[in-house]
Amino acid sequence: MNTATEPAPMAVTYITQPGRAKIQGSIRVPGDKSISHRSIMLGALADGTTEITGFLQGEDSLNTLRCFRAMGVEITEPVEGRVRVNGVGLHGLKAPAHPLYVGNSGTSMRLMAGILAGQSFDTVLEGDESLSRRPMKRVIDPLTQMGAVIESAEGGRSPLTIRGGQRLRAIEYTLPMASAQVKSCVLLAGLYAEGKTCVTEPAPTRDHTERMLTGFGYPVARDGSTACLDGGGQLIARQIDVPADISSAAFFMVAASIAPEADITLEHVGMNPTRTGVIDILKLMGADITLHNPREVGGEPVADVKIRSAKLRGIDIPEALVPLAIDEFPALFVAAACAEGRTVLTGAEELRVKESDRIAVMADGLNKLGVEATATPDGMIIQGKGANSQSFGSAEIWSQGDHRIAMSFAVAGLRSVGTITIHNCEFVETSFPGFADLFRHCGGGLVDQLVTGERA
Ligand SMILES: O=C(O)C1=C[C@@H](OP(=O)(O)O)[C@@H](O)[C@H](O)C1
Ligand SMILES: C=C(OP(=O)(O)O)C(=O)O
């Protein structure tokens, strides 16, 4: 089992190559991270064997898989995205011998906290340095209202010690922020609570938990912005086809939009309407994006997405789209930096509590590239460089242990006169294994360099 003290992996540095890269081809990016996590969790809690295809073999979802193995669930080693989970039923998990280590993954920690609050045994949930800085009070508060007993480090940070053997009671909870992780945490604890648990959200957030529970035969009632379920039911195993992750696809959508003569097709991308904000925002900016062959797989809409180069223009990003594109802003900031005119983002303070402070780190990196980007408490103002083909300077960037920052600056390299050196890219493995190879394969011209030794 992983423990928080295992040796740090080698540090990886990307160096982008200047030149007129064309982004072309037809590719499938790895599986959706949110759906992959949930497929292991619900598969483990179901009765019967769940067969998963398209599973994301990234560090985040693999950490979820390892945690459930540590609680006695038989899960096959993933091979080319195929995984079989022998479910143990809602009450079949066993006490793990060690703390459960979730690495860099907020989704694992927050969703598992809900499940673990309902167990008969104690558990400790811990993560890496970045995760240990992220707020967990947002899940501790509602779970405590349900009767859970949770000890945390100072300020409601992890590690979390979750005391087993509590009787959970159902609550009606209004989320203080638009967060699918908190919504999912409360609903998953609700599986173990007496009565009807309801969660009301201030704005729509990704609904994979609700969809997948329904797919496992566990009814979730939806009434406007409120989702409710009754505790004490049963999940029945099923097959799950995980679509390609729109959040990973987003890097190629931006790359193709800002590179000259680009024409790329991204296959089998998840098109859940609670995730497609990035397409809406890029289209408002003038991007050339078309959807083909729309279909549904296992309760989730999917399509092939074609993107060609376009002259982007700056916009005021509608706040209603923010939760629907929450992980795509680092890439969207790069698009805005290449657009004609000013882009303004507001209502996105949640970006400050992701793997890094994505507002501060992106504004700082864009400034280094010579872009006028001003961080605001809840967003950013970016003065775009316009359609001028090589707009950015050379720079050295620290991605601060944040996979999406690393990939966003790799994409920015398409518009740089010089090289961009990006440190700490080993974290790309959390969500997008093989990113550098795929980017090169499409013409991205990235050089990745393995640096031995400790993480930078
Ligand atoms: O539920 C999920 O799978 C996720 C929800 C979002 O987090 P928040 O709920 O904190 O916004 C998102 O940023 C994260 O990458 C995945
Ligand atoms: C915020 C993210 O993930 P998590 O919260 O699971 O760490 C992300 O992948 O951008």
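My notes follow, topic by topic.

**Sheet.** I am working from a predicted model. I asked in which order the four strands of the open sheet run. I read S10-S11-S13-S12, and the pairing is mixed. I then checked the edges. Strand S10 (172-174) and strand S12 (221-223) stand there, each with a single partner strand, so one side of each has no neighbour in the sheet. From one strand to the next, the twist averages 15°.

I looked at one pairing in detail. S12 pairs with strand S13 (residues 226-230) in the antiparallel sense, over three bridges. Opposite Arg-222 I found Ala-227 in S13. Next I looked for what packs on the sheet. Helix H6 (residues 180-190) does, and it touches S10, strand S11 (196-200) and S13. The direction of H6 makes about 175° with that of S11.

**Ligand 2.** I listed the residues around ligand 2: Asp-60, Asn-104, Ser-105, Gly-106, Thr-107, Asp-327, Lys-354, Glu-355, Arg-404 and Ser-431. I sorted this shell by type and got five polar, five charged and no nonpolar residues. Which domains supply the shell? I noted at least three residues from each of domain 1 (11-31 + 243-451) and domain 2 (33-241).

**H2 and H3.** I turned to helix H2 (residues 59-70) and helix H3 (residues 106-116). Their axes come within 8 Å and cross at roughly 35°. From H2, I recorded Asp-60, Asn-63, Thr-64 and Cys-67, which meet Thr-107, Ser-108 and Met-112 in H3. The residues of this contact divide into two nonpolar, four polar and one charged. Asp-60 and Thr-107 are also among the residues around ligand 2.

Conventions
Residues numbered from 1 in each chain as written. Chains lettered and ligands numbered in written order. Predicted model: local features only at pLDDT ≥ 70, side-chain atom pairs only at ≥ 80, totals over all residues. Pairing = 2+ DSSP bridges. Helix = DSSP H or I, 4+ residues; strand = E, 2+ residues; numbered from the N terminus. Axes fitted to C-alpha atoms, helices over the stretch in contact; angles between N-to-C directions. Contact = placed C-beta atoms within 7 Å. Near = placed C-beta within 6 Å. Nonpolar A, V, L, I, M, F, W, Y, C, P; charged D, E, K, R; others polar. Domains from an automatic or database assignment.
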